[in-house]
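User: I would like to learn how to read a structure of this kind, one feature at a time. Could you begin with the pairing of strands?

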Amino acid sequence: MHNTPFAADRPSWDSVDASAGRSMAHLRWAALLLAVLITLSLPAARLFFDIRTRMATLSIQAEGLADDLSNQASADPERWLYERNALSATLVKLRMRSGAQAVRLEALRGPEIARAGEWKDASLLHYEAAVLDSGVPVATLGVQAALAPTLVSAAWLGLFSAALGAATWWLLSTVALGSLGRAVAGLQRARADAERAGRARTTFLATMSHEIRTPMNGVLGMTSLLLESPLNKVQRHYVEVIRSSGDSLLTVINDILEFSKVESGMVLLEPLPFQPEALADDVLTLLGPAATRKKLDLMCRTHAGVAPWMLADATRLRQLLLNVVGNAVKFTDAGEVLVSIDCPRPGRLRYSVRDTGIGMTQAQIDTIFEPFTQADASTTRRFGGTGLGLAISRRLAAAMGGTIEARAEPGAGSTFVIEIDCQPTPAPAHAATPVNLDSLLGLRVLLVDDNATNLEIVSTLASGWGMKPTAFRRPEDALAGFGNGTGFDLAILDFNMPGTDGAELAAALRQVRPGLPMVLLSSSDGADAARRLFAARVNKPVQRMLLLDTLLTVMSRRFASAGLQPGPVAMPPTPFMAQAGRLPLRRVLVVEDNPVNAIVVRTMLERLGCLSEHVQSGREAVAAVSRQPYDLIFMDLLMPELNGVDATRQIRALALDAQPYIVAFTANVMAEDRAACSDAGMNAFLAKPVRLEDLERCLSAFLRAGASP
């Protein structure tokens with residue numbers, strides 16, 4: 001099993017701190033580079049532009065003097081070349097006027113004619129212009145400028161630039177980055193304070209969870225036991241109200257604790273193989289009684305392309321789907337709730353939940369995923385709830401790489417779409433073998449249901465199993481289409497239909513075809529009286545595998561007793577029903593410091609056929625295990641003297657012939673509590689308040705394991 005943190009895509013705080021340190025170092029290097037650039041760029045720019053300016057001046061002066069000499073040459077050919085004194089004087093005047101370092105006149109193919117100043121062959125500031133005689137080049141005039149003044153000017157500017165660069169470095173590294181560093185340090189201190197506060201909050205929540213769930217365990221446990229005792233009608237009503245109120249309070253507590261966990265990133269994902277359709281069936285089964293009380297049709301439809309087995313955290317996905325479908329049932333007074341399953345693209349699983357409820361405006365949709373928020377204030381008064389369910393759902397969907405979105409119109413129902421990352425996976429080794437559908441192939445089946453969606457779903461299932469369905473929405477149309485009854489091998493009838501209900505329709509069909517096998521679809525208590533008319537009954541919401549098992553059982557019985565009218569088919573019991581009432585006696589030790597909770601647990605164990613003893617502390621538990629063997633220990637966590645985790649470690653360290661199973665029995669439901677229990681050597685985790693069915697499930701798992709831990 002691989003545990004994936006809820007915020008696995010976020011970097012750890014150590015990596016964030018390291019990244020911040022690297023960023024600060026990079027910023028310091030950037031500040032140093034900027035200071036160096038400022039120091040070098042200004043004098044370099046000054047030197048570059050000064051040289052360009054001096055070169056431009058030299059070119060203008062040289063070209064002007066060359067033009068004058070060219071004019072003299074044109075006016076008096078050859079003569080000007082021999083008047084060296086006059087030419088030298090002209091060059092001296094040009095040098096003085098221009099500030100040039102040297103001026104030289106050379107024949108095109110001959111010696112130097114005249115010079116003014118010291119001529120340097122490697123001068124950087126040098127320009128030459130041609131002297132023309134009647135348009136023909138006869139000499140070259142060269143002009144040189146001194147580089148020293150330009151270098152001195154650039155040097156002075158360099159000193160200024162160095163001072164400016166140093167000031168820039170100081171401002172950036174000391175003032176700006178220093179302030180930023182102090183701000184980062186302040187944020188790190190604030191984060192550390194927040195983490196301490198978060199740990200304190202977690203500890204507080206764990207303590208409050210224990211302190212609230214411990215008395216809740218007594219209340220709910222005792223009411224469960226009381227409901228199983230002889231009570232008159234009024235007393236039973238009072239106890240049921242207490243139980244219902246306790247369940248509501250427990251729901252609020254669970255919502256607040258769950259929201260705190262997802263907000264603090266404490267949720268761990270455990271990807272395991274699961275069946276998408278079976279998961280939806282589980283959710284609909286849990287919500288079936290609530291839908292039945294409101295006479296809602298609760299349905300599930302699986303589209304083609306959904307793999308039978310997929311890999312994800314089925315527990316969290318069930319929680320997410322339970323929140324959304326539960327809201328759909330809560331806010332729908334009439335009509336239906338439909339769950340559709342499909343894969344919009346490879347590696348993606350989608351659940352769409354559509355209802356015919358009160359709907360919402362777009363403004364309400366924009367707020368419903370915020371914590372402690374419902375569509376409007378009247379919603380809380382009318383329907384109750386903390387307003388945390390959808391906030392938790394959105395965060396769980398994000399943790400699984402997905403999204404949850406809503407579409408709705410006022411008075412026209414709502415549709416919630418859940419998408420998560422989910423890859424197909426092979427079926428586990430313990431998965432059931434494929435079902436043999438030979439007994440259903442080619443069967444002509446009559447389907448009658450006034451709900452069009454449910455009729456379509458059952459018809460699609462029947463077709464997929466190789467049957468030939470004929471569907472009717474009205475019982476009258478079904479009777480008319482039934483004729484003499486020879487055209488059908490099986491009938492699947494809904495119970496609650498307007499006008500003629502399923503029982504009346506079944507009685508009418510029996511008159512035409514007495515031996516026709518019929519299956520009833522209903523969760524209504526009124527359908528029990530009509531059970532004798534049917535070969536079997538499948539409760540709504542219809543589960544695909546349960547319906548298939550029922551049809552296979554009905555038809556196999558029909559074929560085995562051909563020509564006889566089938567009687568009611570007993571559906572196979574659930575695993576818990578199979579264990580109920582016949583658990584072997586076991587020596588069980590209950591370690592619990594709260595006497596009321598101890599009485600509750602021991603009474604439940606007695607109902608399940610288990611002998612138990614009670615001690616009030618971890619130290620007494622270690623002493624009891626040292627004296628005599630126990631098969632199973634229910635260990636509370638928070639106890640005086642020695643807590644449950646430390647007591648478990650001491651028991652595991654004892655040299656016993658056989659170690660007992662140890663089940664954490666606690667009100668602490670945080671992730672770190674489970675981890676501590678597992679690390680100490682506990683085999684399972686049972687959260688308070690415990691119910692009889694939870695205890696039975698735990699014992700059943702212990703019995704199935706069969707071996708010593």
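Analyst: Four bridges link strand 17 to strand 18, and the two pair in the parallel sense, where pairing requires that DSSP find at least two bridges between the strands. Within this pair, L493 stands opposite L520 of strand 18. Please bear in mind that this is a predicted model, in which local features need pLDDT of at least 70 and side-chain atom pairs count only at pLDDT 80 or more, while totals for chains, interfaces and linings use all residues. Residues are numbered from 1 along each chain as its sequence is written, and side-chain values use heavy atoms, with hydrogens and water left out.

User: In what order do the five strands of the open sheet run, and which are the edge strands?

Analyst: Strands of a sheet pair through backbone hydrogen bonds, either parallel or antiparallel. Here the order is 16-15-17-18-19 with parallel pairing, and the edges are strand 16 (468-472) and strand 19 (536-538), each of which pairs on one side only. Strand 15 and strand 17 are joined in parallel by four bridges, with I492 of strand 17 as the bridge partner of L447. Strand 18 (residues 518-521) runs parallel to strand 19 and is joined to it by three bridges, and L521 stands opposite V538 there. Strands are DSSP runs of E with at least two residues, helices are runs of H or I with at least four, and both are numbered from the N terminus; the chain has 19 helices and 24 strands.

User: Which residues of strand 17 point one way and which the other way?

Analyst: In a regular strand the side chains alternate between the two faces of the sheet. L490, I492 and D494 point one way from strand 17, whereas A491 and L493 point the other way. As to burial, five of the five residues of strand 17 are buried, that is, under 20% relative accessible area, with exposed meaning over 50% and partly exposed in between (1.4 Å probe, protein chains only). Over the whole chain of 709 residues, 43% count as buried. Helix 12 (residues 502-512) lies across strand 15 (444-448), strand 17 (490-494) and strand 18, and runs at about 155° to strand 17.

User: At what angle do helix 6 and helix 9 pack, and how far apart are their axes?

Analyst: Two packed helices are described by the angle between their axes and the distance between the axes. Helix 6 (residues 314-330) and helix 9 (residues 389-399) pack at about 145°, with axes 9 Å apart; axes are lines fitted to C-alpha atoms, for helices over the stretch in contact, and angles run from 0 to 180 degrees between N-to-C directions. The contact (heavy atoms within 4.5 Å) involves R316, Q319, L320, N323, V324 and N327 of helix 6, and G389, L390, I392, S393, L396 and A397 of helix 9. Helix 9 is mostly covered, with eight of its 11 residues buried, among them A391 and A399.

User: Where does K295 lie, and what is its phi?

Analyst: Most residues other than glycine have a negative phi, and most peptide bonds are trans. K295, in the loop between helix 5 (276-293) and strand 8 (297-302), has a positive phi near 55°. K295 counts as exposed because its relative accessibility is 73%. Just after helix 9, G401 also takes a positive phi, of about 75°. A cis peptide bond, with omega about 0°, joins K540 and P541, and P541 is placed in the loop between strand 19 and helix 13 (544-560).
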